[in-house]
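Please read the points below with the sequence and the model side by side. They take up a sheet and its surroundings, and then a pocket.

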Amino acid sequence: MPDVFADLVGQDEAVDTLRRAAAAAAAVLRAAHHPVPAAVGPGSATTDDQDAYADEAEADGGPGAGADPGAGMTHAWIFTGPPGSGRSVAARAFAAALQCVHGTGCGECPGCHTTLTGTHADVRLVVPEGLSIGVGEMRALVLRAASTPSGGRWQVVVIEDADRLTEAAGNALLKAIEEPPPRTVFLLCAPSTHPDDVSVTIRSRCRVVPLRQPPAAAVAEVLVRRDGIAPDVAQWAAAAAQGHVGRARRLARDPEARKRRDAVLAVPRRLTGVGTALDAASALIEAAEAEAEASVAEADAAERAALQTALGAGGTGRGAAGAMRGAAGQLKDLEKRQKSRATRAQRDALDRALVDLAGFYRDALTMALRAPVAPVHTDTAALAEAGARKWDAEGALRRLEAVLECRAAIEANVKPRIAVEAMMLSLWRG
Ligand SMILES: [Zn+2]
């Protein structure tokens, strides 16, 4: 029977840690509900749960629940790993395991089920749609997280992309993590524990669960098993997605995604001069814009309609003028949020294209070096081989670096068009 951790591909070590922690958390709840008589003095029935797992460091390598019911559990966690490695999958699975009423993430009970479908009353999920998570959102979240769990277990807060917290939002979160309510658990997801991603003070209060880039074979296996994809397609997609599970699934199932990838991988052979390089840059930017627009259009329209319906209930009586001003403000807020989401969708789409392109030049490099590794893009291997002969290892490396520099520049807020044009010119010149 697949439990809540079944979708965490190639992360045996992390799953082990999380299972132990979930078992320890369940033991904390049992101890709170049924205190061991010998250990109970007058008035100590209201055991402080924090004390129960205060000594977690010692239990890390230990056999799990022993004399200390809380060993292995703590109230703040950071899941790190490259994009697509399953950070948020791991955090959600762990949240489900904490709410599981049968065991430690059976996958079938109401606790597991409602957590995984996003309807559990004691699990809050923050998925930033825009480029950052603001302080207002974080304060509201921290406030709600402090309430007693209605299901009698844990209040769990999952923050995807914790690296997108604004400084003020990070401080609001830090306060909550420093003085955690007894039954609240914070699960943060971030690319790494580098200070650029997570502040040092937050990091110091959390236990880190590092996820690795899952091997292509493990990704292919899950595509076959769970999504019913043909083995040969699964293998190709898993390699082409470079360990990104969601990307692999999309490539295997979505013809549009494959078409976009084909267009990106056609770039290297089209670069024959300044003109074609600039054309290729325009095409890449415009493709990212179109992809992003398609991905947010539906949500944008639905939100606007919902807001208009809500505002339409306004009326014309006293206070209507104030209501109109309020409406204008809400509409402006919505537009701002949607713009931020669109910008992010564009950057994500562009980044996917750059990762594909980097894979191509990495293939050329490994071929020039005659390194015994499988190519990322099996379908353009011949082209990469030709590139390897023409450019040699150094030329392939310079091109790979140009792509990686472009990613870094966009990350550092250089205008995408400028960064991509510079990259295309470098790829052409070599
Ligand atoms: Zn369960």
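1. In strand 4, valine 185 is the bridge partner of valine 156. Strand 3 (residues 155–159) and strand 4 (residues 184–190) run parallel and are joined by five bridges, where strands are DSSP runs of E with at least two residues, numbered from the N terminus, and two strands pair if DSSP finds at least two bridges between them.

2. The model is predicted, with local features needing pLDDT of at least 70 and side-chain atom pairs counting only at pLDDT 80 or more, while totals for chains, interfaces and linings use all residues. Residues are numbered from 1 along each chain as its sequence is written, and side-chain values use heavy atoms, without hydrogens and water.

3. The open sheet has five strands in the order 2-3-4-1-5, with parallel pairing. Its edge strands, strand 2 (123–126) and strand 5 (207–210), each pair on one side only.

4. Helix 7 (residues 167–178) lies across strand 1 (76–80), strand 3 and strand 4, with contact taken as heavy atoms within 4.5 Å. Helix 7 runs at about 140 degrees to strand 4; axes are lines fitted to C-alpha atoms, for helices over the stretch in contact, and angles between N-to-C directions run from 0 to 180 degrees. Helices are DSSP runs of H or I with at least four residues.

5. Which helix gives the largest share of the lining of the second largest pocket? That share, four residues, comes from helix 15 (residues 320–368).
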